[in-house]
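Please give me a guided tour of this structure. I have it open in a viewer and would like to know what to select next and what is there.

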Amino acid sequence: MLCPFCVPEDEVFGNGLAYAKMDTYPVSKGHMLIIPRRHADTWFDLTAEEQTAVMQLAEIAKRYLDEFYSPNGYNLGLNCGVSAGQTIMHAHLHLIPRYIGDVPNPRGGIRAVIAAKKEYP
């Protein structure tokens with residue numbers, strides 16, 4: 001089966017090494033994915049140049065989302081491996097806009113991937 005990220009579709013912006021698109025199953029309004037053009041399973045399989053290209057697009061995407069969605073914050077996330085929740089084995093960065101009131105208590109942020117570890121002193 002062909003990897004769905006190996007054939008860029010619905011590209012919002014891009015550069016020579018990566019592209020950005022809206023997430024098909026968004027966590028929040030404006031949720032974007034930044035995807036390297038070359039197939040590599042995880043972030044750790046990317047070259048330094050590809051990692052830089054992804055981060056450059058994340059900054060461009062953030063400015064775009066600021067203008068069109070006006071979020072109050074962001075989560076950036078990478079799932080590396082099945083045990084970390086990765087379902088498409090092609091590296092990609094989630095840029096998730098956050099809005100005041102989108103969850104009752106956002107404290108802990110990314111730590112909520114393991115619910116029992118979200119709260120800490």
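Which pattern does the protein chain follow, read along the sequence? The pattern is β-β-β-α-β-β, made up of 1 helix and 5 strands. Here helices (H or I, at least four residues) and strands (E, at least two) are DSSP runs, numbered from the N terminus.

Two notes before selecting anything. The model is predicted: local features need pLDDT of at least 70, side-chain atom pairs count only at pLDDT 80 or more, and totals for chains, interfaces and linings use all residues. Residues are numbered from 1 along each chain as its sequence is written, and side-chain values use heavy atoms, with hydrogens and water left out.

**The whole chain**

Select the protein chain and show its C-alpha atoms. Along the principal axes they fill a box of roughly 40 × 35 × 25 Å.

The accessible surface comes to about 7400 Å², and 59% of it belongs to carbon and sulfur atoms; the areas come from the Shrake-Rupley method with a 1.4 Å probe, and for residues only the protein chains shown count as cover. Of the 121 residues, 36% count as buried, a term that means under 20% relative accessible area, while exposed means over 50% and partly exposed lies in between (1.4 Å probe, protein chains only).

Contacts come next (heavy atoms within 4.5 Å). Among contacts with a separation of 6 or more, 54% are between residues 24 or more positions apart.

**The charged side chains**

Select Lys and Arg, which count as positive, and then Asp and Glu, which count as negative; His and the chain ends are not counted. There are 11 positive and 13 negative side chains, and the centres of the two sets lie 9 Å apart. Each charge is placed at NZ of Lys, CZ of Arg, CG of Asp or CD of Glu.

How many salt bridges does the count come to? The count is 6, where a salt bridge is a side-chain nitrogen of Lys or Arg within 4 Å of a carboxyl oxygen of Asp or Glu.

**Stop one: Glu50 and Arg38**

Select Glu50 and Arg38, whose side chains meet in a salt bridge at 2.7 Å, N to O. Glu50 is in helix H1 (residues 48-69) and Arg38 is in the loop between strand E3 (32-36) and H1, so the pair links distant parts of the chain, 12 residues apart.

**Stop two: Arg63 and Glu59**

Stay on helix H1 and select Arg63 and Glu59, which are 4 residues apart and separated by about one helical turn. The closest N and O atoms of this salt bridge are 3.5 Å apart. Arg63 is partly exposed at 48%, and Glu59 is partly exposed at 40%.

**Stop three: after strand E5**

Move to the segment after strand E5 (93-98) and select Arg107 and Glu119. Their side chains meet in a salt bridge at 3.9 Å, N to O. The pair ties together parts that are 12 residues apart in sequence. Arg107 is partly exposed at 37%, as is Glu119 at 47%.

Finally, select Arg111, also in the segment after E5. Leaving out residues up to four places away in sequence, Arg111 touches Lys117, Lys118 and Tyr120. Arg111 is partly exposed, with a relative accessible area of 36%.
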